[in-house]
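This briefing covers the surface of one chain. Look at the sequence and the structure first, then read the points below.

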Amino acid sequence: MFGLSELAVVLIVVIALVLAKKGPELARSAGKSARILKAEARAMKEQEKEDGAAADTAPRVIQGETVVPGSGTAAPGTERPFAPAPERTERAADTPPRDRRP
């Protein structure tokens, strides 16, 4: 049978054959990925510089919903239509849960 050293040699030969076929393609893909990553990092740095300059000039306004603390309702003028939540009923401890599948 094969020993550990023979299996290692066979494994190295198989890896070499696979890399000979797929190696150039893998290297090309890695190069493209690295270029894209560098370009995105450069764009993010430029965007941060632009945002820093814009932040000094005007505040950012983010549209959203204002909720009055403690009431659980939205402030006047910011309500959104919604469907009411289904009612929950308590079940006795000795009854099994109902199967609601059709």
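The model is predicted: local features need pLDDT of at least 70, side-chain atom pairs count only at pLDDT 80 or more, and totals for chains, interfaces and linings use all residues. Residues are numbered from 1 along each chain as its sequence is written, and side-chain values use heavy atoms, with hydrogens and water left out.

**Terms for patches**
- Patches are made of residues with over 30% relative accessible area and no salt bridge; like charges are joined within 9 Å, and nonpolar side chains (Val, Leu, Ile, Met, Phe, Trp, Tyr) within 5 Å.
- A salt bridge is a side-chain nitrogen of Lys or Arg within 4 Å of a carboxyl oxygen of Asp or Glu.
- Lys and Arg count as positive, Asp and Glu as negative, while His and the chain ends are not counted.
- A charge is placed at NZ of Lys, CZ of Arg, CG of Asp or CD of Glu.

**Charged patches**
- Lys49 is exposed, because its relative accessible area is 65% (exposed means over 50%, buried under 20%, partly exposed in between, with a 1.4 Å probe and protein chains only).
- A negative surface patch consists of Glu46, Glu48, Glu50 and Asp51.
- Glu46 is in helix 1, residues 4–57, and is partly exposed at 47% relative accessibility.

**Nonpolar patch**
- Leu11, Ile15, Leu19 and Leu26 make a nonpolar surface patch with about 390 Å² of accessible area together (areas come from the Shrake-Rupley method with a 1.4 Å probe; for residues, only the protein chains shown count as cover).
- Ile15 is in helix 1 and is partly exposed, at 44% relative accessible area.

**Whole chain**
- The chain has 1 helix and 0 strands.
- Of its 102 residues, 2% are buried.

Notes. Helices (H or I, at least four residues) and strands (E, at least two) are DSSP runs, numbered from the N terminus.
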